Each structure stands twice: as C-alpha cells, then as structure tokens.
Amino acid sequence: MLEKTKLYTKIAGYALVMLWTELRLALRGVIVRRQAALFGSLGSEERTRNIVIVGANFAGYRVAQIIAKNLSPRSPYRVVVVEPNSHFHFTWVLPRFCVVKGHEHKAFIPYGGYLDGVIEGSYRWIQDKVIDIDRTTVRLQGSEESIPYEFLVIATGAGVQDGLPSRVNCTEKTEGIKRLQSMQNRLESANTVVVVGGGAAGVEVATDAKDLYPEKHIILIHSRDAVMHRFGKGLQKSAREGLERLGVELILEERVVNEDAATGVVTLRSGRQITCDFFMNCTGQRPLSEVVATLSPNSISSTGHIKVKPNLQIADDSLPNIYICGDVADTDTPNPNARSAMRQGTIVADNILRAAAGKTPSYVYENQWADGVIKLTLGLDRSVTHLGDGNSELLFASKETDEALMSAMAWSRMGAKPFEDAYMDAHAPEAERDINKS
Ligand SMILES: Cc1cc2nc3c(=O)[nH]c(=O)nc-3n(C[C@H](O)[C@H](O)[C@H](O)COP(=O)(O)OP(=O)(O)OC[C@H]3O[C@@H](n4cnc5c(N)ncnc54)[C@H](O)[C@@H]3O)c2cc1C
C-alpha cells in the first residue's frame, strides 16, 4: 500500500515537471514572437548558420519545434531538418492497422503543423536522407547536396529489416498505406499465422488478429519464459491472460531458426516445425547509427547505439557540437519509447539554444521510470495500462472503443487536423480520398 502511494506521488511529481517544461517553452516562444513583432526578424538568407537535424520523428521533430520556436528573431541560426519520410510515422498504431482495415492513412501524420507559428525563415525542411557526415557538413543521398552545420542533431531512431508490423520501411504515405493493406489482406486469407516476438508489438498484433478472426490459428513465439519480459510481473501476467482468453497459442523459450518463405515451414530451435501461411516478425529492432560510423567509430556501442554524455552531446570530446537523442542514443533507457525520445529531444534543444547563445549546454538527461508507462492492447476492445518503478506496479484494465487507438489525438498533438491531408488529395486516387478523410 505504502509503495503504491509512493508511486502515485512520484507520478504527480513527474506530471508537474512535464507541465512546467511545457509552460517554460511556451512562454519563451511568446517572448520571441513579441520581440519579432516589435523589432523585426532576420530572413532566411540572413540566417547563415545551420542547426541540422537528421531524422524528424518523435525526437528530432521535437528538437526542430523547440529550437525554431525559441531562436531569437535576430539570430543568425536556422534549423535545417533532413527527413526522408513524407509524413510523421505514428508507430504506436502499426500493429493494429496491420490487422484492422480502414484506418491505415491515420498512421501517417502530415508534417508542418507542429512548427506553426515559428518566425519565417527560422527553418528549412528537406525530404531526403543523410548518407554521410563529416566534421562540418552532412551529405544528402537524393540531391547529393552538402549542407554545412554548426550544430548537428542525430535523431535517426531504430529500424527493422522486415518492416511491418514494427516499421513501415518506405518513405511515401501512399506506399505505406499499400503495405498496411497488404498485411491486412494476407492475414485475412491465412489460416495459420505465426507471430514472432512477445514484446508489445507481437502481443498486440497476435491478440488483435485472434479477436478479429477467432477461427484462425494464431501462434505467438517468444524466446523468454514470459511475454513482456522487460516489464513487471503484473503486466506479464495480464498479457498472458489476454492471449489465453482469446485462444492465441503461446510458445515460450523458443526461437525461430529458419523460416522457409516458399513452403511456409518455420523451424524452431528445438527442432519443432510449424507450417503457416503468414509469418509476422516483431523482433529485430536496431538503432540506426551508421551515419556516424566513419566520423566517430568509437562512439558506437556494442548494441549499435551512439554513446552520449549526460547532456546528450556525443561521447567524443572532439565533436562538442553534435547531439544525439531518441532511440539511437545510448541512454540506458529500460524501455525506450516516444516519451523518453521527446524528453531527450527537449534536453538537446535546450542545450543547443544555450550553446548558440555562448552558454554552457548544462541540461542533463536522466531516465525517469514514469516515461515507461505503457498501454497494451489485448484484443480489439480492451487494454491494460501499466506503471511500475521496479519496486511496485499499478495496472489499470480498460475497455477500448477507439479502433484507431488515439490517432486523432496524435494528429492534434502534432498540429494536424484529423484526418485532413493535402498530400492525399494530390496523390491518392479519387476513391481513396473519401476514405482517407474519415
Ligand atoms: C510497433 C511499435 C509500437 C510502439 N508503440 C509505442 C507506444 O505505444 N508508446 C510509446 O511511447 N512508444 C511506442 N513505440 C516506441 C516509439 O515508436 C519509439 O521509441 C520512437 O519512435 C523513438 O523516436 P525517435 O524519433 O528516436 O526514432 P524514430 O521514431 O525511429 O524516428 C527516426 C527518424 O529518423 C529518420 N531517419 C533515419 N535515418 C535517417 C537518415 N540517415 N537521414 C535522415 N533521417 C533519417 C527516420 O526516417 C525517422 O523518421 C513503439 C514502437 C514500435 C516499433
């Protein structure tokens, strides 16, 4: 009881700190806009010193927003964002949208709205990929442009080779929608489905699939003795019960050693073979740190993350103007997620604003267990929310009515009107456009 009271108190403290951060940033933004109105601001051609941000999903987009909104109106700096994707990828909904039809467009949120209200000329957006970084410039893949930087932020996140259900692995929204629809169709026509990986993505996709298609044989394979093994025992138990309630077959302490796509035969470490007609791999996330492999090879850890100092500068004394945040950063975050990525983005932005003003970048990042709060769906109409600090756990079971899982809220938070997208008006065939507005 005492432990749980402590947990509630700590959550309240965490929420207050978050609120204070938002207020502080909003107030600074208001001051900047007032200064611009009173004294004018520099145009983009006069802002010759670049703060380049590589990758703009949860971490990098947050950095871009805070810096662009808070740079002084007469600052010679501007933000340059390099991001290959046409849209922000709302990863949380990918497992659900691999199963349930009709919402796929909601996983791709138009860029731009999050930067509404920034002073004109304070940022440039480039849809491209950075393929090389040296001490002074980044080089782009598509245009082959070299962009000089004074500060550099690497927020390249993590990826998987197999793509969905974990990542989309394509840059255009239209193609992303097709890939989700292809997953839905393959699932619909399958009889036996093997899902590999008992983390959140695997548990969610398996329970959704079994809930929507109770007649199908859904098998979840996990290498540990419990699903959701990175979380507390209470969540592990709830997840297991959720899988059992629906009738998902759970195989624990097994690994897939071979998957023969032609025959559909999946071979496990024990030698057991399962024949399936759809195989979904929810494992294998790895940090995308190759961009610094040549510049600073010693900064890449054995896990592939980029090592950082407490203030999120790269752990390389010769590169004090390079900062790292989000899933690619080696911060020992127990369960990296969007909250921790965005909090790291805030620290990086604050530090660059200080450094650009000639001050010491003194904000430091510390892991907060409250970042790890997770809401796990266990079928189409229920979920469990888990809070735990390692000593104690709180679990809240809920009924779910929103099939699109908070997509509308995410669009609003990212400054976009759910689910309006001028890109789709221009790119999607007419029949699709109507669906994409609902
Ligand atoms: C299936 C799934 C479900 C999840 N559900 C939740 C959830 O419910 N709640 C939660 O809090 N977290 C969730 N997460 C975790 C969350 O998505 C990640 O922690 C978060 O995306 C990390 O943000 P990031 O910005 O560091 O990296 P990413 O989101 O991976 O973004 C990195 C960005 O960098 C870009 N990039 C990569 N390489 C380059 C390059 N060379 N040049 C330019 N740009 C580049 C990419 O295109 C991408 O836009 C989920 C993750 C997955 C996979």
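All panels show a predicted model.

**Figure 1. Overall fold of the chain.** The predicted model contains 10 helices and 24 strands. Along the principal axes, its C-alpha atoms occupy a box of roughly 70 × 60 × 40 Å. Buried residues make up 41% of the 438 in the chain. Among contacts between residues at least 6 apart in sequence, 66% link residues at least 24 apart.

**Figure 2. The contact between domain 1 and domain 2.** The domain assignment gives domain 1 as 2–84 + 127–160 + 285–370 and domain 2 as 173–284 + 373–433. Their centres, taken over C-alpha atoms, are separated by 30 Å. To the contact, domain 1 contributes 12 residues and domain 2 contributes 9 residues. On the domain 1 side, helix 1 (residues 2–39) gives the most, with 5 residues. That side of domain 1 consists of 6 nonpolar, 2 polar and 4 charged residues.

**Figure 3. The annotated span at residues 50–345.** An unreviewed UniProt entry places the feature "domain: FAD/NAD(P)-binding" at residues 50–345. In the predicted model this span is 23% helix and 26% strand, and its end C-alpha atoms lie 18 Å apart.

**Figure 4. The shell of residues around the ligand.** The shell holds 33 residues, of which G55, N57, G157, G326 and N337 come nearest to the ligand. Helix 2 (58–70), helix 3 (94–97) and helix 7 (338–356) each supply at least two residues of this shell. By residue class, the shell divides into 18 nonpolar, 10 polar and 5 charged.

Figure 5. Q344 is located in helix 7. The residue counts as buried because 29 other C-beta atoms lie within 10 Å, where 20 or more are required. With residues up to four places away in sequence left out, Q344 touches A59, L312, C325, G326, A329, T331 and Y365. One of these contacts, L312, is 32 residues from Q344 in sequence, while the C-alpha atoms of the pair are 7.7 Å apart in space. Another of them, G326, also belongs to the residues that come nearest to the ligand.

**Figure 6. Two cis peptide bonds in loops.** L164 and P165 are joined by a cis peptide bond with omega of about 10°. P165 is found in the loop between strand 10 (158–159) and helix 4 (173–189). A cis peptide bond also runs from P418 to F419, with omega near -15°. F419 lies in the loop between helix 8 (407–413) and helix 9 (422–427).

Figure 7. Although E144 is not a glycine, its phi is positive, at about 60°. The residue sits in the loop between strand 7 (137–140) and strand 8 (146–148). E144 has 9 other C-beta atoms within 10 Å and therefore counts as exposed, the limit being 12 or fewer. E253, likewise not a glycine, has a positive phi of about 55°. Its place is in the loop between strand 13 (249–251) and strand 14 (256–260). E253 has 12 C-beta neighbours inside 10 Å, so this residue also counts as exposed under the limit of 12 or fewer.

Notes. Residues are numbered from 1 along each chain as its sequence is written. This is a predicted model: local features need pLDDT of at least 70, side-chain atom pairs count only at pLDDT 80 or more; totals for chains, interfaces and linings use all residues. Domain bounds come from an automatic or database domain assignment. Two residues are in contact if their C-beta atoms, placed from the backbone, lie within 7 Å. Helices (H or I, at least four residues) and strands (E, at least two) are DSSP runs, numbered from the N terminus. Ala, Val, Leu, Ile, Met, Phe, Trp, Tyr, Cys and Pro count as nonpolar, Asp, Glu, Lys and Arg as charged, and the others, Gly among them, as polar. UniProt positions are given in the numbering used here, feature names are shortened, and annotations may be inferred rather than shown by experiment. A residue is near a molecule or strand if its C-beta atom, placed from the backbone, lies within 6 Å of it.
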